[in-house]
Amino acid sequence: MATSIQLSREAEERLDHLASETGRSKEFYLQELIERGLEEIEDYYLAAEVLERVRKGEEPVYTSAEVRKNLGLDD
């Protein structure tokens with residue numbers, strides 16, 4: 001899937017420098033950034049949604065004692 005983005009001048013220069021110093025393409029590094037960063041972004045935003053539901057009382061919350069008991073770890 002082809003996608004285009006516009007980078008700041010500074011980011012473009014840094015990317016150009018990295019590519020020229022390492023002999024890899026800019027596309028290689030952009031793909032790396034997206035693939036590695038996507039997981040972090042997903043974790044952050046999905047966790048923020050859960051936190052909002054917890055604050056609204058819409059998400060169940062358990063104490064560590066309840067979790068240990070439910071998992072049979074206190075036996």
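## Basis

Residues are numbered from 1 along each chain as its sequence is written, and side-chain values use heavy atoms, with hydrogens and water left out. Because the model is predicted, local features need pLDDT of at least 70 and side-chain atom pairs count only at pLDDT 80 or more, while totals for chains, interfaces and linings use all residues.

## Overall form

The chain holds three helices and zero strands (DSSP runs, H or I of at least four residues for helices and E of at least two for strands), in the order α-α-α along the sequence. Its radius of gyration is 22 Å, well over the 11 Å that the globule rule gives for 75 residues, so the chain is more spread out than a compact globule; the radius is taken over C-alpha atoms, and the rule is 2.2 Å times the number of residues to the power 0.38. The C-alpha trace spans about 60 × 30 × 25 Å along its principal axes.

Buried residues make up 4% of the 75 residues, where buried means under 20% relative accessible area, exposed over 50% and partly exposed in between, with a 1.4 Å probe and protein chains only.

## Aromatic contacts

Two aromatic pairs are counted, with ring centres of Phe, Tyr or Trp (its six-membered ring) within 6.5 Å and planes under 30 degrees apart called stacked, over 60 edge-to-face and the rest tilted. Phe28 and Tyr29 form an edge-to-face pair, at 5.0 Å centre to centre and 85 degrees between the planes; Phe28 is partly exposed at 29% relative accessibility, whereas Tyr29 is buried at 14%. The rings of Tyr44 and Tyr45, with centres 5.0 Å apart and planes at 90 degrees, are likewise edge-to-face, and here Tyr44 is exposed at 55%, as is Tyr45 at 52%.
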